[in-house]
Amino acid sequence: MVSPPVSPPSWRGEPRLRAQWFDGRSAQAQPVWAWLGEDGRWLCLQAAADPSHAPPAAVLACHAAREVVWPERLRHGERQALLPDGSMLCEDPADEGRQRWDAWAQASGLRDSLTVRSMRSWRLVGVSVLLSAGLLASAWVWGIPWVAQAGAALIPNAVEQQIASEALDHVDRMWLKPSTLSEARREEITRRLAAAVRRDEILRAGLEPQATALPAYRLHFRAGPKALGPNAFALPGGDIVLTDALVELAEGEPDIITGVLAHELGHVRHRHGMRLVLQAGMVAGVSGLLVGDFSALLAGLPAWLAQADYSREFEREADLHARQMLQAAGISPRVMVRFFERLDAYQEQQGRDKSPLPMAFASHPANAERIAFFNAAP
């Protein structure tokens, strides 16, 4: 609390305000006159029992004006001022008491804060809404993907492995069944993929010595419901799931499977899955990284698995990786064209029911664009 001035504030005459004062100890309101003295530095109160009695002789209280709290002025709300000693000044209950308070405040040089004045302007409110919408849209389109890309590179391997394990357990419980492929068939697919990866790594090491190595991957064979269909997808952490139906679709053309898996390895190389998880739960993910609790990140996995469709950018990056890897392995990228033709025929026959999981090559970019991309390979 600031002590009252040594010498009483000079009486400046009007404007003064008829109001009510609650001293903080009694519920009984006291009629007072209020005015700002000493160039507006002090708010003084005078008992109003004898209006003819001029201050400062009857000053009840005097407070530093900068310590007085003036609540936001509302259109229909009561006018109040909270005084440093816990007492309160309120508008006069008589008719037009509110209008007299506003007129006194304006005449005394009391102005609403810039925030309050902005809130009262529909034009400024509209501009603020537009700016906020633009900021949010920019953050959604550019900011969050950028942060997710940078954040994915900072995720420790142990955390990514934990996320991968949780993700695979979840899809196993929800949608997948054990594969019925023979052990020999699985070994053949695994061997062909490993050979293609080895050749691709050798070629990349020669062309791009500074390029990062392909992250560790694990190939899983699974069967699934009809709606899952011919499918392959990469989970965060490098786990790749290949369905029996896709192996059947590629019957007689084993290079098709290698091409599809090369596409999924493209997602692994660029850590698309981890970036999508971070994008889906950006706030929870960042909080988890900061405090070392990754439970919130893991909690977002089911939603991501059910809704994730890779963006056009991600699919194009994976397609480019597949084309380069097939070329490094001595396999014509045009093998993927034949895969698209088979996939289209399958979908025409079975209907284009929405798969419960993101389906390799099933949506975007459009198959025609992707066929042209692989057809253009030298």
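In which hand does α5 pass α7, left or right? The crossing of α5 past α7 is right-handed. The model is predicted. This briefing covers that helix pair and the nonpolar cores.

**Helix packing**
- Helix α5 spans residues 183-207, and helix α7 spans residues 254-269.
- The two pack at an angle of about 55°, and their axes lie 10 Å apart.

**Residues in the contact**
- From α5, the contact uses R185, E188, I189, R192, L193, A196, V197, D200, E201 and R204.
- From α7, the partners are P254, D255, I257, T258, L261, L265 and R269.
- By class, the contact of α5 with α7 holds 8 nonpolar, 8 charged and 1 polar residue.

**Largest nonpolar core**
- This core counts 35 residues.
- Those with the most contacts inside it are I189, L219, L242, I257, L261, M336 and F339.
- Helices giving two or more residues to this core include α5, α6 (244-249), α7, α12 (312-328) and α13 (335-350).
- Strands β8 (218-223), β9 (232-234) and β10 (239-243) also give two or more each.
- Helix α7 supplies the largest share of this core, 7 residues.

**I189 in detail**
- I189 belongs to the α5 side of the helix contact.
- Leaving aside residues up to four places away in sequence, I189 touches L219, F221, L242, V247, I257 and L261.
- Of these partners, I257 and L261 are in α7.

**Second core**
- A separate core has 17 residues, among them L17, L36, A61 and W101.

Notes:
Residues numbered from 1 in each chain as written. Predicted model: local features only at pLDDT ≥ 70, side-chain atom pairs only at ≥ 80, totals over all residues. Heavy atoms only, no water. Axes fitted to C-alpha atoms, helices over the stretch in contact; angles between N-to-C directions. Helix = DSSP H or I, 4+ residues; strand = E, 2+ residues; numbered from the N terminus. Left-handed = near helix turned anticlockwise from the far one by under 90°. Contact = heavy atoms within 4.5 Å. Nonpolar A, V, L, I, M, F, W, Y, C, P; charged D, E, K, R; others polar. Core = buried A, V, L, I, M, F, W, Y, C linked by side-chain atoms within 4.5 Å. Buried < 20%, exposed > 50% of the residue type's maximum accessible area, 1.4 Å probe, protein only.
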